[in-house]
Amino acid sequence: MTAKLRAGLVGLGSMGRNHARILASLDGVEFVGAADPRPEASFLGASAAPIVADLESLIALGIDYCVVAAPTALHESIGVQLAESGVHALIEKPLAPDAQAAERLVKVFEDRGLIGGVGHIERFNPALQSARERLEAGELGEVFQVITRRQGPFPGRIGDVGVVMDLATHDIDLTAWVTQQSYADVAAHTAHRSGRQFEDLVAVVGRLRNGTVTNHLVNWLSPMKERVTVVTGERGCLVADTLTADLTFHANSSVQQTEWEVLQNFRGVTQGDMIRYAIAKPEPLRTEHEGFRDAVAGRGGSIVSFEEGVRTVRTAEALLRSAETGQFVLLD
(Lines give C-alpha, C1' and ligand atoms only; values in the text may rest on other atoms or scores of the structure.)
Protein backbone atom coordinates (compact mmCIF):
# COMPACT_ATOMS: atom_id res chain seq x y z
CA MET A 1 0.00 0.00 0.00
CA THR A 2 1.37 3.40 -1.03
CA ALA A 3 1.97 5.81 1.86
CA LYS A 4 -0.14 8.93 1.88
CA LEU A 5 1.43 12.29 1.11
CA ARG A 6 1.59 14.53 4.16
CA ALA A 7 0.17 17.98 3.40
CA GLY A 8 0.14 21.24 5.34
CA LEU A 9 -1.57 24.58 4.88
CA VAL A 10 -0.51 28.15 5.60
CA GLY A 11 -3.37 30.60 6.12
CA LEU A 12 -6.90 30.01 7.37
CA GLY A 13 -8.75 32.90 5.81
CA SER A 14 -11.80 32.37 3.61
CA MET A 15 -9.80 30.70 0.83
CA GLY A 16 -7.59 28.82 3.26
CA ARG A 17 -10.58 27.20 4.90
CA ASN A 18 -11.73 25.91 1.52
CA HIS A 19 -8.26 24.43 0.99
CA ALA A 20 -8.49 22.82 4.45
CA ARG A 21 -11.83 21.25 3.57
CA ILE A 22 -10.37 19.69 0.41
CA LEU A 23 -7.13 18.54 2.06
CA ALA A 24 -9.06 16.83 4.85
CA SER A 25 -10.93 14.64 2.33
CA LEU A 26 -8.41 14.21 -0.50
CA ASP A 27 -7.60 10.62 -1.43
CA GLY A 28 -3.96 9.72 -0.95
CA VAL A 29 -3.30 12.71 1.30
CA GLU A 30 -3.00 13.10 5.07
CA PHE A 31 -3.75 16.65 6.21
CA VAL A 32 -1.31 17.01 9.08
CA GLY A 33 -1.83 20.63 10.13
CA ALA A 34 -2.29 24.31 9.35
CA ALA A 35 -0.32 27.40 10.36
CA ASP A 36 -1.99 30.72 11.16
CA PRO A 37 -0.90 33.21 13.83
CA ARG A 38 -4.38 34.67 14.39
CA PRO A 39 -6.24 33.34 17.44
CA GLU A 40 -9.56 33.57 15.60
CA ALA A 41 -8.30 31.10 12.96
CA SER A 42 -9.05 28.11 15.16
CA PHE A 43 -11.65 26.16 13.20
CA LEU A 44 -10.92 23.35 10.76
CA GLY A 45 -14.38 21.86 10.52
CA ALA A 46 -14.41 18.09 10.65
CA SER A 47 -10.62 17.84 10.37
CA ALA A 48 -8.62 16.76 13.39
CA ALA A 49 -5.48 18.45 12.04
CA PRO A 50 -3.78 20.74 14.55
CA ILE A 51 -3.37 24.48 14.09
CA VAL A 52 0.07 25.88 14.85
CA ALA A 53 1.18 29.48 15.14
CA ASP A 54 4.01 29.59 12.60
CA LEU A 55 5.53 27.94 9.56
CA GLU A 56 8.47 26.45 11.47
CA SER A 57 6.08 24.48 13.66
CA LEU A 58 4.16 23.28 10.61
CA ILE A 59 7.32 22.10 8.85
CA ALA A 60 8.33 20.30 12.05
CA LEU A 61 5.20 18.14 11.74
CA GLY A 62 6.80 16.54 8.68
CA ILE A 63 5.11 17.59 5.45
CA ASP A 64 5.71 16.59 1.83
CA TYR A 65 3.91 19.59 0.38
CA CYS A 66 2.19 22.73 1.54
CA VAL A 67 -0.64 24.92 0.28
CA VAL A 68 0.02 28.64 0.80
CA ALA A 69 -3.11 30.78 1.23
CA ALA A 70 -1.44 33.68 3.03
CA PRO A 71 -1.45 37.34 1.87
CA THR A 72 0.37 37.90 -1.43
CA ALA A 73 3.10 39.99 0.22
CA LEU A 74 4.18 36.90 2.20
CA HIS A 75 4.30 34.43 -0.69
CA GLU A 76 8.00 34.81 -1.43
CA SER A 77 9.25 34.48 2.15
CA ILE A 78 6.98 31.49 2.85
CA GLY A 79 7.87 29.84 -0.44
CA VAL A 80 11.61 30.24 0.14
CA GLN A 81 11.34 28.76 3.64
CA LEU A 82 9.38 25.78 2.30
CA ALA A 83 11.89 25.20 -0.49
CA GLU A 84 14.84 25.35 1.91
CA SER A 85 13.07 22.66 3.94
CA GLY A 86 12.54 20.44 0.88
CA VAL A 87 8.76 20.97 0.75
CA HIS A 88 6.79 21.24 -2.51
CA ALA A 89 4.32 24.15 -2.62
CA LEU A 90 0.99 25.10 -4.17
CA ILE A 91 0.82 28.89 -3.76
CA GLU A 92 -2.40 30.82 -4.23
CA LYS A 93 -2.48 33.33 -7.07
CA PRO A 94 -0.83 35.63 -7.75
CA LEU A 95 2.48 33.83 -7.30
CA ALA A 96 4.10 36.95 -5.82
CA PRO A 97 3.48 40.69 -5.55
CA ASP A 98 5.94 41.47 -8.37
CA ALA A 99 7.76 39.67 -11.17
CA GLN A 100 11.18 39.81 -9.48
CA ALA A 101 9.89 38.01 -6.40
CA ALA A 102 8.09 35.48 -8.62
CA GLU A 103 11.29 34.79 -10.55
CA ARG A 104 13.21 34.24 -7.31
CA LEU A 105 10.64 31.64 -6.31
CA VAL A 106 11.08 29.87 -9.65
CA LYS A 107 14.84 29.68 -9.10
CA VAL A 108 14.78 28.46 -5.51
CA PHE A 109 12.35 25.65 -6.36
CA GLU A 110 14.22 24.70 -9.54
CA ASP A 111 17.55 24.64 -7.70
CA ARG A 112 16.15 22.13 -5.21
CA GLY A 113 14.24 20.01 -7.72
CA LEU A 114 10.89 20.81 -6.09
CA ILE A 115 7.45 21.15 -7.63
CA GLY A 116 5.80 24.55 -7.43
CA GLY A 117 2.25 25.27 -8.55
CA VAL A 118 0.08 28.40 -8.62
CA GLY A 119 -3.57 28.39 -7.58
CA HIS A 120 -5.13 29.80 -10.74
CA ILE A 121 -8.37 27.98 -10.08
CA GLU A 122 -10.23 29.11 -13.20
CA ARG A 123 -8.14 26.73 -15.31
CA PHE A 124 -9.87 23.90 -13.49
CA ASN A 125 -13.40 25.19 -14.08
CA PRO A 126 -15.26 22.61 -16.19
CA ALA A 127 -16.66 25.24 -18.56
CA LEU A 128 -13.22 26.63 -19.41
CA GLN A 129 -11.65 23.18 -19.63
CA SER A 130 -14.31 22.18 -22.15
CA ALA A 131 -13.79 25.45 -24.06
CA ARG A 132 -10.05 24.81 -24.22
CA GLU A 133 -10.61 21.30 -25.61
CA ARG A 134 -13.00 22.61 -28.25
CA LEU A 135 -10.61 25.36 -29.33
CA GLU A 136 -7.78 22.83 -29.61
CA ALA A 137 -10.03 20.65 -31.76
CA GLY A 138 -10.61 23.61 -34.10
CA GLU A 139 -14.36 23.77 -33.49
CA LEU A 140 -14.32 27.59 -33.47
CA GLY A 141 -11.82 28.04 -36.26
CA GLU A 142 -9.58 31.09 -36.00
CA VAL A 143 -10.04 32.93 -32.70
CA PHE A 144 -10.71 36.64 -33.17
CA GLN A 145 -11.41 37.93 -29.67
CA VAL A 146 -11.57 36.95 -26.00
CA ILE A 147 -13.74 39.03 -23.67
CA THR A 148 -13.93 38.53 -19.91
CA ARG A 149 -16.17 40.21 -17.34
CA ARG A 150 -15.39 39.70 -13.66
CA GLN A 151 -17.15 41.88 -11.13
CA GLY A 152 -18.73 41.73 -7.70
CA PRO A 153 -18.65 43.32 -4.25
CA PHE A 154 -15.38 44.04 -2.46
CA PRO A 155 -13.96 40.98 -0.64
CA GLY A 156 -12.98 42.05 2.87
CA ARG A 157 -10.20 39.45 2.90
CA ILE A 158 -8.06 41.49 0.46
CA GLY A 159 -5.85 44.17 1.97
CA ASP A 160 -2.47 44.11 0.25
CA VAL A 161 -3.19 44.27 -3.50
CA GLY A 162 -5.67 45.90 -5.86
CA VAL A 163 -8.15 44.42 -8.29
CA VAL A 164 -5.47 43.92 -10.98
CA MET A 165 -3.31 41.52 -8.95
CA ASP A 166 -6.27 39.94 -7.19
CA LEU A 167 -9.00 39.42 -9.78
CA ALA A 168 -7.52 40.36 -13.16
CA THR A 169 -4.78 37.75 -12.81
CA HIS A 170 -7.55 35.16 -13.20
CA ASP A 171 -8.47 36.61 -16.60
CA ILE A 172 -4.89 37.05 -17.75
CA ASP A 173 -4.06 33.43 -16.96
CA LEU A 174 -7.25 31.85 -18.32
CA THR A 175 -7.06 33.85 -21.57
CA ALA A 176 -3.46 32.81 -22.25
CA TRP A 177 -4.24 29.21 -21.29
CA VAL A 178 -7.50 28.79 -23.21
CA THR A 179 -6.03 30.26 -26.40
CA GLN A 180 -2.48 28.92 -25.84
CA GLN A 181 -1.14 32.37 -26.68
CA SER A 182 0.85 34.85 -24.64
CA TYR A 183 0.14 38.58 -24.49
CA ALA A 184 1.92 40.87 -26.97
CA ASP A 185 0.73 44.22 -25.61
CA VAL A 186 -1.82 45.70 -23.21
CA ALA A 187 -3.46 49.02 -22.39
CA ALA A 188 -5.47 49.69 -19.26
CA HIS A 189 -7.36 52.30 -17.29
CA THR A 190 -7.89 51.94 -13.55
CA ALA A 191 -9.96 53.82 -10.98
CA HIS A 192 -10.01 54.26 -7.21
CA ARG A 193 -13.62 54.61 -6.04
CA SER A 194 -13.74 52.96 -2.62
CA GLY A 195 -11.21 55.12 -0.79
CA ARG A 196 -8.62 52.34 -0.53
CA GLN A 197 -4.94 52.55 -1.40
CA PHE A 198 -5.28 50.21 -4.36
CA GLU A 199 -7.29 50.33 -7.58
CA ASP A 200 -10.73 48.75 -7.48
CA LEU A 201 -11.62 48.88 -11.19
CA VAL A 202 -9.72 48.12 -14.39
CA ALA A 203 -10.64 48.10 -18.07
CA VAL A 204 -8.15 46.37 -20.37
CA VAL A 205 -7.58 46.09 -24.11
CA GLY A 206 -4.87 43.69 -25.20
CA ARG A 207 -3.50 41.73 -28.12
CA LEU A 208 -2.18 38.18 -28.09
CA ARG A 209 0.76 36.94 -30.13
CA ASN A 210 -1.21 35.85 -33.17
CA GLY A 211 -3.38 38.98 -33.25
CA THR A 212 -6.34 37.86 -31.13
CA VAL A 213 -7.83 40.91 -29.38
CA THR A 214 -8.70 40.70 -25.68
CA ASN A 215 -10.93 42.82 -23.46
CA HIS A 216 -11.12 42.47 -19.67
CA LEU A 217 -13.56 44.37 -17.47
CA VAL A 218 -12.83 43.77 -13.78
CA ASN A 219 -14.03 45.42 -10.60
CA TRP A 220 -15.09 44.74 -7.03
CA LEU A 221 -17.56 47.62 -6.92
CA SER A 222 -20.66 45.88 -8.24
CA PRO A 223 -23.45 44.29 -6.19
CA MET A 224 -23.89 41.86 -9.11
CA LYS A 225 -21.41 38.99 -9.21
CA GLU A 226 -20.38 38.04 -12.74
CA ARG A 227 -17.75 35.67 -14.11
CA VAL A 228 -18.07 35.38 -17.90
CA THR A 229 -15.64 34.54 -20.70
CA VAL A 230 -16.65 34.97 -24.36
CA VAL A 231 -14.42 33.56 -27.10
CA THR A 232 -15.39 34.69 -30.61
CA GLY A 233 -14.07 32.98 -33.72
CA GLU A 234 -14.83 32.42 -37.37
CA ARG A 235 -17.53 29.79 -36.69
CA GLY A 236 -19.31 31.51 -33.80
CA CYS A 237 -18.61 32.07 -30.12
CA LEU A 238 -18.24 30.11 -26.90
CA VAL A 239 -19.64 31.62 -23.70
CA ALA A 240 -18.34 30.21 -20.41
CA ASP A 241 -20.06 31.17 -17.16
CA THR A 242 -17.64 30.07 -14.47
CA LEU A 243 -20.08 30.76 -11.65
CA THR A 244 -22.39 28.02 -12.93
CA ALA A 245 -19.76 26.10 -14.99
CA ASP A 246 -22.05 26.34 -18.03
CA LEU A 247 -20.64 26.45 -21.57
CA THR A 248 -22.76 27.65 -24.48
CA PHE A 249 -21.95 27.72 -28.19
CA HIS A 250 -23.57 30.28 -30.49
CA ALA A 251 -23.00 29.21 -34.09
CA ASN A 252 -22.79 31.34 -37.19
CA SER A 253 -25.65 30.35 -39.44
CA SER A 254 -25.43 29.12 -43.00
CA VAL A 255 -29.07 30.18 -43.48
CA GLN A 256 -29.26 33.62 -45.02
CA GLN A 257 -33.06 33.88 -45.45
CA THR A 258 -36.00 33.95 -43.08
CA GLU A 259 -39.68 34.22 -43.90
CA TRP A 260 -40.31 36.96 -41.37
CA GLU A 261 -38.39 40.05 -42.49
CA VAL A 262 -38.86 41.94 -39.23
CA LEU A 263 -37.41 39.03 -37.25
CA GLN A 264 -34.52 38.75 -39.69
CA ASN A 265 -33.61 42.39 -39.15
CA PHE A 266 -33.84 41.99 -35.38
CA ARG A 267 -31.82 38.80 -35.02
CA GLY A 268 -29.26 39.31 -37.75
CA VAL A 269 -28.72 37.14 -40.78
CA THR A 270 -25.84 35.11 -39.38
CA GLN A 271 -27.41 33.93 -36.12
CA GLY A 272 -27.47 30.14 -36.00
CA ASP A 273 -28.06 27.39 -33.49
CA MET A 274 -27.32 27.78 -29.81
CA ILE A 275 -26.09 24.75 -27.84
CA ARG A 276 -25.60 24.51 -24.10
CA TYR A 277 -23.22 21.62 -23.60
CA ALA A 278 -23.86 18.95 -21.02
CA ILE A 279 -20.56 18.65 -19.16
CA ALA A 280 -19.52 17.04 -15.91
CA LYS A 281 -19.05 19.62 -13.15
CA PRO A 282 -16.54 18.51 -10.51
CA GLU A 283 -15.51 21.20 -8.00
CA PRO A 284 -12.62 23.19 -9.55
CA LEU A 285 -10.70 23.48 -6.27
CA ARG A 286 -10.76 19.71 -5.78
CA THR A 287 -9.60 19.17 -9.37
CA GLU A 288 -6.76 21.62 -8.76
CA HIS A 289 -5.72 19.75 -5.61
CA GLU A 290 -5.90 16.37 -7.34
CA GLY A 291 -3.60 17.62 -10.09
CA PHE A 292 -1.03 18.97 -7.64
CA ARG A 293 -1.17 15.82 -5.50
CA ASP A 294 -0.53 13.69 -8.58
CA ALA A 295 2.35 15.93 -9.69
CA VAL A 296 4.04 15.60 -6.30
CA ALA A 297 3.46 11.83 -6.38
CA GLY A 298 5.12 11.62 -9.81
CA ARG A 299 1.93 10.73 -11.65
CA GLY A 300 2.00 13.70 -14.05
CA GLY A 301 -0.83 15.75 -12.60
CA SER A 302 -1.91 18.97 -14.29
CA ILE A 303 -0.68 22.11 -12.51
CA VAL A 304 -0.11 25.80 -13.24
CA SER A 305 3.68 26.06 -13.11
CA PHE A 306 5.62 28.78 -11.34
CA GLU A 307 6.94 29.87 -14.77
CA GLU A 308 3.37 30.45 -15.95
CA GLY A 309 2.69 32.31 -12.72
CA VAL A 310 5.62 34.64 -13.47
CA ARG A 311 4.20 35.47 -16.91
CA THR A 312 0.85 36.33 -15.40
CA VAL A 313 2.43 38.63 -12.81
CA ARG A 314 4.47 40.34 -15.54
CA THR A 315 1.31 40.98 -17.56
CA ALA A 316 -0.51 42.32 -14.50
CA GLU A 317 2.39 44.69 -13.86
CA ALA A 318 2.14 45.84 -17.48
CA LEU A 319 -1.54 46.71 -16.91
CA LEU A 320 -0.64 48.85 -13.91
CA ARG A 321 2.19 50.51 -15.84
CA SER A 322 -0.15 51.29 -18.74
CA ALA A 323 -2.73 52.78 -16.39
CA GLU A 324 -0.05 54.96 -14.81
CA THR A 325 1.51 56.17 -18.07
CA GLY A 326 -1.54 56.24 -20.33
CA GLN A 327 0.30 54.21 -22.98
CA PHE A 328 0.25 50.76 -24.51
CA VAL A 329 2.85 48.49 -22.91
CA LEU A 330 4.68 45.85 -24.95
CA LEU A 331 5.48 42.50 -23.35
CA ASP A 332 8.63 40.52 -24.03
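Biologist: As I understand it, two strands pair if DSSP finds at least two bridges between them. So, to start us off, how many bridges join strand β1 to strand β4?

Modeller: Four bridges join them, and the strands run parallel. β1 covers residues 5–10 and β4 covers residues 65–68. Before we go on, please keep in mind that this is a predicted model.

Biologist: Noted! Which residue is the bridge partner of L9 in β4?

Modeller: That is V67. Another facing pair is V10 with V68 of β4.

Biologist: And which residue of β5 is the bridge partner of V67?

Modeller: L90 is its partner in β5. β4 and β5 are joined by four bridges and run parallel.

Biologist: What is the strand order in that sheet?

Modeller: The order is β3-β2-β1-β4-β5-β6, an open sheet of six strands with parallel pairing. At its edges are β3 (51–52) and β6 (116–119), each of which pairs on one side only.

Biologist: Which way do the side chains of β4 point?

Modeller: Y65 and V67 point one way, while C66 and V68 point the other way. All four are buried. In a regular strand, the side chains alternate between the two faces of the sheet.

Biologist: Let me zoom out. How many helices and strands does the protein chain have?

Modeller: There are nine helices and 15 strands. The radius of gyration of the chain is 21 Å, close to the 20 Å that the globule rule gives for 332 residues, so the chain is as compact as a globular protein of that length. Its C-alpha trace spans about 75 × 50 × 40 Å along the principal axes.

Biologist: What share of the residues is buried?

Modeller: Of the 332 residues, 52% count as buried. As for the surface, the chain exposes about 15600 Å², and carbon and sulfur atoms supply 52% of that area.

Biologist: How many charged side chains are there, positive and negative?

Modeller: The chain has 31 positive and 42 negative side chains. The centres of the two sets lie 2 Å apart.

Biologist: Which strands is β11 joined to?

Modeller: β7 (residues 143–151) is joined to β11 by eight bridges, and that pair runs antiparallel. β12 (residues 236–241) is joined to β11 by six bridges, also antiparallel. With two residues between them, β11 and β12 form a hairpin.

Biologist: Which residues can I click on to see those pairings?

Modeller: For β11, look at V230, which stands opposite I147.

Biologist: What packs against the buried residues of helix α5?

Modeller: They pack against β7, α6, β11, β12, β13 and α8 (284–296). In α5 (residues 126–136), eight of the eleven residues are buried, including P126, L128, R132 and R134.

Biologist: Changing topic: which peptide bond is cis, with omega near -10°?

Modeller: That is the bond from K93 to P94. P94 sits in the loop between β5 (88–92) and α4 (99–111).

Biologist: And where do Q180 and A245 lie?

Modeller: Q180 is in the loop between α6 (163–179) and β8 (183–191), and A245 is in the loop between β12 and β13 (246–252). Q180 has a positive phi of about 60° without being a glycine, and A245 likewise has a positive phi of about 60° and is not a glycine. Most residues other than glycine have a negative phi, and most peptide bonds are trans.

Biologist: Why does A245 count as buried?

Modeller: Because its relative accessibility is 9%, and buried means under 20%.

Biologist: One last stop. What is V186 in contact with, leaving aside its neighbours within four places in sequence?

Modeller: Its contacts include V205, G206, T315, L319, F328 and V329. V186 lies in strand β8, and V186 counts as buried because its relative accessibility is 0%.

Biologist: How far apart in space are V186 and E139?

Modeller: They are 27 Å apart, C-alpha to C-alpha, and 47 residues apart in sequence.

Note on methods
Residues are numbered from 1 along each chain as its sequence is written. This is a predicted model: local features need pLDDT of at least 70, side-chain atom pairs count only at pLDDT 80 or more; totals for chains, interfaces and linings use all residues. Side-chain values use heavy atoms; hydrogens and water are left out. The radius of gyration is taken over C-alpha atoms; the globule rule is 2.2 Å times the number of residues to the power 0.38. Buried means under 20% relative accessible area, exposed over 50%, partly exposed in between (1.4 Å probe, protein chains only). Accessible areas come from the Shrake-Rupley method with a 1.4 Å probe; for residues, only the protein chains shown count as cover. Lys and Arg count as positive and Asp and Glu as negative; His and the chain ends are not counted. The place of a charge is taken as NZ of Lys, CZ of Arg, CG of Asp or CD of Glu. Contact means heavy atoms within 4.5 Å.
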